[in-house]
Amino acid sequence: MDTQQSAPTIPNLRDRLPKLEPRRRRPAPSNPLPVPETPALPSPPDLSSHTFQVPTRRILSTKDHELFLSSPTHTLILAFVFGLSDAVVDTPISAIKDDELSPAVKAILSILDEAEHLVLETPPDESEESRFGNKVFRTYLDKAKAASPSWHQKLGLTSQEVIAEVETYLNNSFGSRTRIDYGSGHELNFIIWLLCLYQLQILTKADFKALVLKVFVRYLELMRTIQLTYYLEPAGSHGVWGLDDYQFLPFLFGASQLLHHPFITPLAIHQQLTLEEFGNDYMYLGQVRFVNSTKTVKGLRWHSPMLDDISSAKNWSKIEGGMKRMFVAEVLRKLPVMQHFLFGSLVPAVEGMSTESEAGVADEENEVEGGVVVEHDGVRHVHNANSWGDCCGIKVPSAVAAAQAAKKHGSGELRRIPFD
């Protein structure tokens, strides 16, 4: 009898192993908000039977703000600002030559030169020794307002009604007389001043490139001089987590300038040599360089973490798109910014928006210190730039003043964070 048993079969372990598949990369998180498109810029209005009016505030409640956001004026502002940005794509500042400028652009540059000369004629009160705004700034604003009619006559404006409307925006672009502060709302006033000149057909679309690369750059230089002289406080600052204490548009226009640059990448803002070599040609780099110069600590990640975070973007296209979203979300859609916006006949309010008399508030110039009554999250309150809420921001001393004070006391070097 055959007792030999057949050998057991060896199982095929290969069939029991899980199938190896290449790991799929997770898609990068996408921004659910689309990049705002540039609306078509409407043609200037027919002025043959136009009635001009001195601009006043009309956004005095949440309802007013909502009416504005769905109005033709909102579209007009977007079309103008984004049109300016689109006009300077891939264009350095040095590409615009002085002999190419129109007479109107040359007149505007002359006005800004005179505005800076007034700063030199109105030195600050050095006895204050304060890191908050120097009160001599109010004297400067008074001088600028007195000179404003003659400035506008250089632009060919002779009607007092026209000048009274248009000059309001320029006078409010240098900062707040009451609060001695400055922010993106004042910057927006300057752009609206240019928009009014476009509506009056003093400026044309052919001037857009020069308006950004010559006029707006000159305005930035003027405002830096004013900030360094009078220590203007940031208007509604949210501290180090804000993009910039004072400006916004240099980052939008600057990203457009660098949109397809062959070798300057977003990370280049961390390279001091790049900032020094190209800062005069590209607004984004120039603004970062200025921000660095006004801080008392070294390193973007410490004093400007949002700029540091944005620098990790793959390309300038993403940054430009993000800046356009940010302009809509953080400027036009922010009640604390837009409650100070002024509406006249060239940049009109829509029917149903409140008037200052209906709301029982004084005009912007005669506003008492402490703010205006606004409605935020359904609650009416006195807006105050000195509070901590999201509506009103955080009152902080001028970083410019802190840096200047450090230089006066001999500590010119920026201090490093110990664990940097």
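Modeller: Happy to. Axes here are lines fitted to C-alpha atoms, for helices over the stretch in contact, and angles run from 0 to 180 degrees between N-to-C directions. Please keep in mind that this is a predicted model.

Let us begin with helix 3 (residues 103-121) and helix 4 (residues 136-153), whose axes come within 10 Å and cross at roughly 150°. Angles over 145 degrees count as roughly antiparallel, and helix 3 and helix 4 are therefore roughly antiparallel to each other. The crossing of these two helices is right-handed. On the helix 3 side, the contact is made by Ile111, Glu114, Ala115, Leu118, Val119 and Glu121. Helix 4 answers with Tyr140, Lys143, Ala144 and Trp151. Sorted by class, the residues joining helix 3 to helix 4 are seven nonpolar and three charged, with no polar ones.

Helix 8 (residues 249-257) and helix 13 (residues 316-332) have axes that come within 9 Å and cross at roughly 145°. Here the crossing is left-handed. Helix 8 brings Leu249, Phe251, Leu252, Ala255 and Ser256 to the contact, while helix 13 supplies Trp316, Ile319, Glu320, Met323, Lys324 and Phe327. By class, that contact of helix 8 with helix 13 has eight nonpolar residues, two charged and one polar.

After helix 6 comes Gln201, with a positive phi near 65°.

Gln201 leads us to Pro44, because contact means heavy atoms within 4.5 Å and Pro44 touches Gln201 on that basis, along with Tyr198 and Gln199, leaving aside residues up to four places away in sequence. Pro44 lies in the segment before strand 1 (56-57). Its relative accessibility is 27%, so Pro44 counts as partly exposed. From C-alpha to C-alpha, Pro44 and Leu195 are 9.7 Å apart in space, although 151 residues separate them in sequence.

Definitions and conventions:
Residues numbered from 1 in each chain as written. Predicted model: local features only at pLDDT ≥ 70, side-chain atom pairs only at ≥ 80, totals over all residues. Heavy atoms only, no water. Helix = DSSP H or I, 4+ residues; strand = E, 2+ residues; numbered from the N terminus. Left-handed = near helix turned anticlockwise from the far one by under 90°. Nonpolar A, V, L, I, M, F, W, Y, C, P; charged D, E, K, R; others polar. Parallel < 35°, antiparallel > 145°, perpendicular 65-115°, else oblique. Buried < 20%, exposed > 50% of the residue type's maximum accessible area, 1.4 Å probe, protein only.
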